[in-house]
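Have the sequence and the model open beside you as you read.

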Amino acid sequence: MGRIAGRFVRVEPRRRVRQLMLGLLADLPRKNCWTIAEHVGDADLVRDDLRNYVLEHLADDQAVLVVDETGDLKKGTCTVGVQHQYTGTAGRVENAQVAVYLTYTSRHGHAGIDRALYLPKSWTGDVDRREQAAVPEEVGFATKPQLAQQMIERVLNAGAPAAWAAGDEVYGDNPKLRAALEARGLGYVLAVSCTHRIPTAAGTQRADHLAKRIPRPAWQKVSAGQGAKGHRYYDWALVAITAGDPTGHQHLVIRRNRTTGELAYYRCYSARPVPLSTLVRVAGSRWTVEETFQSSKGLAGLDEHQVRRWDSWHRWVTLALLAHAFLAITAARERRDQAPADDGTSPDGLIPLTCNEIQRLFTALTVRSARDTAHRLRWSTWRRRHQARARRSHYRRQAALHL
């Protein structure tokens with residue numbers, strides 16, 4: 001709160017936002033706020049503070065900027081951005097509000113640092129709906145890849161150290177986004193669809209058709225990183241791509257599930273040659289944005305806003321991301337302080353704390369303590385007032401008896 005306090009002109013909004021942040025971090029079953037738009041300062045300036053806070057603790061020159069969207073199911077038609085559209089949250093077309101998020105993923109940890117609300121054409125072309133939701137005049141229609149590009153360029157322009165970008169098929173199949181990343185010299189490992197057209201020395205081929213022509217010795221068993229049950233091993237193959245920046249290196253990377261045989265495809269670019277293991281590591285970093293969504297929603301109320309207007313949405317999700325970043329950075333610092341020894345054990349023999357456990361500790365030590373203190377103060381004030389009223393009533397009765 002000390003970091004973002006200067007974004008608020010008056011002390012009252014600062015106090016309200018502090019209480020809101022404590023509420024976001026509390027162990028409440030539901031978290032919402034109808035009047036957030038009246039109390040919070042410039043959401044974009046707070047977003048910049050959030051980014052700087054994350055970079056201060058998690059900065060890494062080999063970091064991955066992971067983009068992905070998530071949807072919140074909504075009722076009615078008045079909430080900004082809502083329409084019937086596909087959302088991965090439900091896995092089908094639903095009445096939903098969709099937003100694109102950017103997660104900063106490094107060897108130290110990961111946290112969300114930016115957000116962009118997707119505004120469908122049914123909104124950008126409707127003057128009445130825009131006015132009711134207070135959508136700024138300068139906001140026009142932008143595709144999800146365009147929103148992702150804007151966020152990536154924003155964080156790079158701010159000087160954030162990063163070497164890679166990652167995302168799913170929505171972003172990998174978009175040639176303009178790939179070209180923009182190449183122009184910035186940022187490597188990428190972006191998932192593409194099975195029908196994605198790949199330029200090769202033998203002509204343009206569909207990704208799934210190329211996979212069928214890969215000889216058995218070309219597949220390599222490589223871990224995509226640690227999962228809940230240990231290393232996530234897959235079979236991987238590498239196919240050279242001939243088109244694109246002549247000074248860069250492009251490949252199609254194919255992942256094969258060792259149990260089901262299911263295939264996934266990745267369009268890759270790097271300014272210099274890198275081994276397959278590096279591309280696999282970047283591809284495996286995509287799970288961090290899913291973990292960020294799950295943790296931000298479960299621990300910081302990212303999806304529990306009950307607001308309809310443009311500014312209100314941006315202010316809510318920015319503070320929710322900041323609350324989650326506090327938990328993620330605290331967990332990262334705790335892991336660093338409890339770095340395992342050569343034999344794999346921590347100095348004190350304890351398992352590093354997770355974001356969930358840190359939230360419970362923070363709630364017990366800070367949120368509940370503050371709530372209990374406020375309760376005691378209210379009780380003390382009520383008791384003093386009650387005793388004063390009782391004394392006045394006693395004196396009036398005594399005076400009446402003497403009369």
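## Terms and model

A polar contact is a pair of N or O atoms within 3.5 Å; within protein, one must be able to donate a hydrogen and the other to accept it, and residues adjacent in sequence count only if both atoms are side-chain atoms. This is a predicted model, in which local features need pLDDT of at least 70 and side-chain atom pairs count only at pLDDT 80 or more, while totals for chains, interfaces and linings use all residues. Residues are numbered from 1 along each chain as its sequence is written, and side-chain values use heavy atoms, with hydrogens and water left out.

Let us start with a histidine. His196 sits in the loop between β6 (187-192) and β7 (197-200); helices (H or I, at least four residues) and strands (E, at least two) are DSSP runs, numbered from the N terminus. Is His196 buried or exposed? At 9% relative accessibility, His196 is buried, where buried means under 20% relative accessible area, exposed over 50%, and partly exposed in between (1.4 Å probe, protein chains only).

Two side chains make polar contacts with that of His196: Asp173 at 3.0 Å and Arg267 at 2.8 Å. Contact in the wider sense means heavy atoms within 4.5 Å. Leaving aside neighbours within four places in sequence, His196 is in contact with Gly172, Asp173, Arg178, Gln205, Arg206, Ala207 and Arg267.

## The whole chain

The chain has 13 helices and 12 strands. Of its 403 residues, 48% count as buried. Among contacts between residues at least 6 apart in sequence, 63% join residues at least 24 apart. The chain exposes about 21100 Å², and carbon and sulfur atoms supply 51% of that area; accessible areas come from the Shrake-Rupley method with a 1.4 Å probe, and for residues only the protein chains shown count as cover.

How many disulfides does the structure hold? A search of the whole structure finds zero, a disulfide being a pair of cysteine sulfur atoms within 2.5 Å. As for individual cysteines, Cys78 is partly exposed at 39% relative accessible area, whereas Cys355 is buried at 14%.

## Helix α3

Helix α3 covers residues 43-58, which is 16 residues. The expected span of a helix is 1.5 Å times one less than its number of residues. For α3 that gives 22 Å, and the end C-alpha atoms are 22 Å apart, which agrees. At the start of α3, a side-chain oxygen of Asp42 comes to within 2.9 Å of the backbone nitrogen of Asp44.

## Salt bridges

The structure holds 14 salt bridges, each a side-chain nitrogen of Lys or Arg within 4 Å of a carboxyl oxygen of Asp or Glu. Side chains of opposite charge can pair when their charged atoms come close. Asp44 and Arg47 are three residues apart in helix α3, so about one helical turn separates them. Asp44 is partly exposed at 36%, and Arg47 is buried at 8%.

Another bridge joins Asp60 and Arg107, with closest N and O atoms 3.5 Å apart. Asp60 lies in the loop between α3 and β1 (64-73) and Arg107 in the loop between β3 and β4, so the pair ties together parts 47 residues apart in sequence. Asp60 is buried at 8%, whereas Arg107 is exposed at 67%. Arg258 and Asp235 form a further bridge, with closest N and O atoms 2.5 Å apart. This pair links distant parts of the chain, Arg258 in the loop between β11 (249-256) and β12 (263-270) and Asp235 in strand β10, 23 residues apart.

## Ala237 in strand β10

Ala237 is found in strand β10 (residues 230-240) and is buried at 1% relative accessible area. Not counting residues up to four places away in sequence, Ala237 touches Ile214, Ala218, Trp219, Leu252, Val253 and Ile254.
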